[in-house]
Amino acid sequence: MADQAPDAGGQAPGVAPVAGEAPATASAVPDRATLRLALVVGGLVLAVLLGFGARADQRWWVVPRRQAARAAEHPHAPGAGAHSHGADQDAAAEAGGLAVSRDGYTLTPLDDEFTLGQAGELRFQIRDGQRRTVTRFAVVHDKPMHVIVVRRDLSGYQHLHPTMAVDGTWSVPLTLPSPGVWRAYADFTAVADDGRQTATTLGVDLVAPGDYTPRDLPGPATTTRVDEFTVEYRGAPQPGLTVPVDFRITGADGVGPTLERYLGAYGHLVALRQGDLGYLHVHPEAELVDGAIRFWLTTPAPGRYRLYLDFATGGAVRTAEFTVSVS
C-alpha cells in the first residue's frame, strides 16, 4: 500500500492531533536521523577516497631536479667575499655524517664488513622516525643519492652513486683496498609525504679486517698533481664564515684543459674534518669564474680539513686532494 501524504496542517492521515496541542508545521531542518545518515555516508566516501590515494601513492619517486635545485641553491654572486651565516642558517655550518641518525632519518646498512681487496656490494636503507623505509628522494647535483667512502685516516676516497630498488634498498659495488675502519656517508635529500624536503648526511663505519697502519695526513699545500694536470687551490677558510675557494687546472703545456660538467657543475667538492671526520656541505657555482671552479665552503671550527675535488675532462673524472688548515 502506498504511503499517504500529510494534509495541509502537517498531520498524517489517520493520526489525530493531541488534544490541546497545535498542529505540527513542516520544517526545512533535517531531523537527527537524517543528519546521522548523511554524516555516515560522507565519512565512508572520504575513507574510500583517502584509501585510494594512499594506495596510489605507495611507490618510489624522485623529485624533478629543478625543484630540488631551488632548495639547494646558494645565492651568492660570483666575486663576493666571505660572509657569516644568520641564526636560521646555523645548521648549514654544522658538520654532518657524524651519526647514523639525524634530522628524523636513520642510515641502516645491510652489511658492514668487507673482504679486503675483493669486490663487494654496499647495501643500505634510509628509514624515517616510524622506521618506514624511505623511497622518495630529491635529485641534487644530478643524483638522488651520493655515497662517499674514505678510510678513517682520510685516505682511499671514493665517490659512488648507488641505485635504489622499489623497496627502498640502495646498492652499489664497493671494494675496500686497504685494511682498517672506513667511513661511509650517505648524502641525500629525503621527501616526506607532505612534500617537505630534508637535506642531511648520515654516516656509518665499515670494516676491512687486517693489520691497520694509519697514514699521516699530508701537510697543507696550494698545488697538487693529478696525472698530467696541475691543480691549484686558492682560498682562506675561516671558522664560522662562508668563503669562496677556487680551483684552477692546467695541463702539461700550461694551458687549461676543456672542463666538462660533472654532477651539474664543473666540479664536485667534498670536505672532511680530521679527527671526527665531520662532513661539510660545499656549494658550487654553476659556471666557471675567470676560468676557475668556484665553491662556497663553510668551516664550523678551527682544525685541519681534507678537500676532495672531482673534475671531468676528456671524458674521465679525476680527483685532486688538498689539506687545508683553518685557524
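Mentor: Start with a definition: a residue is buried under 20% relative accessible area, exposed over 50%, and partly exposed in between, with a 1.4 Å probe and protein chains only. This is a predicted model, so a local feature needs pLDDT of at least 70 and a side-chain atom pair pLDDT 80 or more, while totals for chains, interfaces and linings use all residues. Numbering starts from 1 along each chain as its sequence is written, and side-chain values use heavy atoms, without hydrogens or water.

Take Thr299. Its relative accessibility is 1%, so Thr299 counts as buried. Thr299 sits in the loop between strand 19 (293–298) and strand 20 (303–313). Strands here are DSSP runs of E with at least two residues, helices are runs of H or I with at least four, and numbering goes from the N terminus. A polar atom of the Thr299 side chain lies 3.1 Å from the backbone oxygen of Gln238. That falls under polar contacts: N or O atoms within 3.5 Å, where within protein one must be able to donate a hydrogen and the other to accept it, and residues adjacent in sequence count only if both atoms are side-chain atoms. Contact in general means heavy atoms within 4.5 Å. Beyond neighbours within four places in sequence, Thr299 contacts Pro237, Gln238, Pro239, Gly240, Leu241, Leu280, Tyr305 and Val326.

Now the sheets. Two strands pair if DSSP finds at least two bridges between them. Strand 16 (residues 268–273) is joined to strand 20 by 6 bridges, running antiparallel. Val270 has Tyr308 in strand 20 as its bridge partner.

Another open sheet has 5 strands in the order 3-4-5-10-9, again with antiparallel pairing. Strand 3 (101–102) and strand 9 (163–164) each have a single partner strand, so one side of each lacks a neighbour in the sheet. Strand 5 (residues 120–127) meets strand 10 (residues 170–174) over 5 antiparallel bridges. Leu122 faces Val172 there.

Next, the rings. Rings of Phe, Tyr and Trp (its six-membered ring) pair when their centres lie within 6.5 Å; planes under 30 degrees apart are stacked, over 60 edge-to-face, the rest tilted. The whole structure holds 10 aromatic pairs. Phe137 and Trp170 are edge-to-face, at 5.3 Å centre to centre and 80° between the planes. They are 33 residues apart, with Phe137 in strand 6 (residues 136–138) and Trp170 in strand 10. Both Phe137 and Trp170 are buried. Tyr233 and Phe247 form a tilted pair, because their planes stand at 50°, with ring centres 5.4 Å apart. Phe137 and Trp170 also share one aromatic cluster with Tyr105 and Phe188.

Last, the cores. A nonpolar core joins buried Ala, Val, Leu, Ile, Met, Phe, Trp, Tyr and Cys residues through side-chain atoms within 4.5 Å. The largest has 27 residues, and Phe124, Ile126, Met145, Phe188 and Leu206 touch the most other members. Elements giving two or more residues include strand 4 (105–109), strand 5, strand 7 (145–151) and strand 10. Strand 11 gives the most, 5 residues. A second, separate core of 26 residues includes Ala95, Ile249, Val282 and Leu307.
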